[in-house]
Amino acid sequence: MNDRFLKACKRQPVDATPVWFMRQAGRFLPEYRKIREKHDIISICKNPELCATVSTLPVEILGVDAAIMFADIMLPLEALGVKFVIKETVGPVIENPIQDLRSAQSLSDLEPKSDLPFILEAIELTKKRLDGRAPLIGFCGAPFTLASYLIEGQPTRDFVNTKALMYRDPETWRTLMDRLATAMTNYLRSQIHAGVDAIQLFDSWAGCLSPEDYRQYVLPYSERILKDLENAEVPRIHFGTGTGNLLEEMKEAGGDVFSVDWRIPIDEAWQRLGYDVSVQGNLDPAVLLADITFIKSRAANILKRTCGRAGHIFNLGHGMLPNVAVENVVELVRYVHNFGHESEIQS
Ligand code: CP3
């Protein structure tokens, strides 16, 4: 079993820095694009055979130390009664955005075993396919990030409608966040039961909030999910982007590993979070569009800043971009694994 990733999640010493990439299973892999020619993304997620194949690809092609389930944060919302499409190059578009208490109350409960059997089956199949070559990460969207899609109805830059509802209609906000938190807790529990080795809570857009608003409107709900899974004995990764202003609050909400983006130096983020947690992320995904010498220099910068301290997981600050060259990613994985051993390799 390759357990570098899980050891780093627990801040145990490792033989080499573990590395995986957010959105590693997606569009930049030609093998994925070939499957996508015949199937849309939701159909892949609902087909355990295809889903296991796509989830395993990055371990086979890139040599990464963890696989992530091929799914989308929107997928479980279908079972709550939300109608949406994932528009190419745009993202999720909701048919009837949430606007009032009635629409928030109309969201159904989630029964993962009957509502999402294909995901649980895909987890079991992916675990078998991986056969110990890498652990498997399950995930869900955090209540705030899901709520932002449900309220805005489509991707947004400023989150104005989300904030307006949050400030103007606290009862609807509480109802919506409460339902999402309960559904996502059930969802993650069922993924853990089906065999995932770690979970990641994606709060991609929480960085748009002030610390005060995060604390008042978001923290209690993410905290409920993360606390509830504390005794499930799998590492919990808490992810956000643009969250340099929220690190202390996110830590209070909970998690074993914190994912930071490139807007903050990783050593500064780790110092503020405290060395009793692990860190992941930090490389700007756009760096992977540069040449390999530049990519390695930026990777070296991150690895020097983390000083070989136990608990560092190499990753991007956000998702892999579509037009990245696969051979550069393979080379980067090798570079991260060998970092600190280069002199031995060269001699
Ligand atoms: O490695 C992987 O790709 C794992 C699978 C995965 C997908 N979505 C598949 C996907 C994961 C982990 C996600 C998470 C996700 N989805 C997040 C959180 C992470 C983040 O990037 O902030 C969010 C916000 C979404 C919602 C979403 N889905 C958006 C905004 C988009 C469009 C933008 C984009 O990146 O293309 C999607 C579509 C989507 N989800 C694609 C994939 C591979 C691309 C479209 C496709 O291949 O059909």
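**Loop and helix positions, salt bridges and ligand surroundings**

V90 is placed in the loop between β2 (84-87) and β3, where helices (H or I, at least four residues) and strands (E, at least two) are DSSP runs numbered from the N terminus. The structure is a predicted model, in which local features need pLDDT of at least 70 and side-chain atom pairs count only at pLDDT 80 or more, while totals for chains, interfaces and linings use all residues. Residues are numbered from 1 along each chain as its sequence is written, and side-chain values use heavy atoms, with hydrogens and water left out.

With a relative accessibility of 45%, V90 counts as partly exposed; here buried means under 20% relative accessible area, exposed means over 50%, and partly exposed lies in between (1.4 Å probe, protein chains only). The C-alpha atom of V90 is separated by 7.2 Å from that of P155, although the two residues are 65 residues apart along the chain. Between the C-alpha atoms of I266 and G281, which are 15 residues apart along the chain, the separation is 8.2 Å.

Side chains of opposite charge can pair when their charged atoms come close. A search of the whole structure for salt bridges finds 20 of them, a salt bridge being a side-chain nitrogen of Lys or Arg within 4 Å of a carboxyl oxygen of Asp or Glu. One of these joins the side chains of K7 and D3, with an N to O distance of 3.9 Å; K7 is partly exposed at 30% relative accessibility, and D3 is also partly exposed, with a relative accessible area of 31%.

Another salt bridge is formed by R4 and D65, whose closest N and O atoms are 2.9 Å apart. This pair links distant parts of the chain, since R4 is in helix α1 (residues 4-9) and D65 is in the loop between α4 (48-62) and β1 (67-68), 61 residues apart. R4 counts as buried at 18% relative accessibility, and D65 is buried with a relative accessible area of 1%.

R236 and D256 form a further salt bridge, in which the closest N and O atoms are 3.0 Å apart. Because R236 lies in strand β6 (residues 236-240) and D256 in the loop between α13 (247-253) and β7 (257-260), the pair ties together parts that are 20 residues apart in sequence. R236 is buried at 7% relative accessibility, whereas D256, at 23%, counts as partly exposed. Salt bridges that share partners also join R4, D15 and D65 into one network.

The ligand is surrounded by 22 residues, of which the closest are R23, Y32, D72, S204 and H318; a residue is counted here if one of its heavy atoms lies within 4 Å of the molecule. At least two residues of this shell are supplied by each of α2 (30-38) and β3 (91-94). A side-chain N or O atom of D72 is 2.7 Å from a nitrogen atom of the ligand, and a polar side-chain atom of R27 lies 2.8 Å from a ligand oxygen atom. At A71, a backbone N or O atom lies 3.5 Å from a nitrogen atom of the ligand. Of the 840 Å² of accessible area that the ligand has on its own, the protein covers 92%, with accessible areas taken from the Shrake-Rupley method with a 1.4 Å probe and, for residues, only the protein chains shown counting as cover.

Terms used:
Polar contact = N/O pair within 3.5 Å; in protein donor to acceptor, adjacent residues only side chain to side chain.
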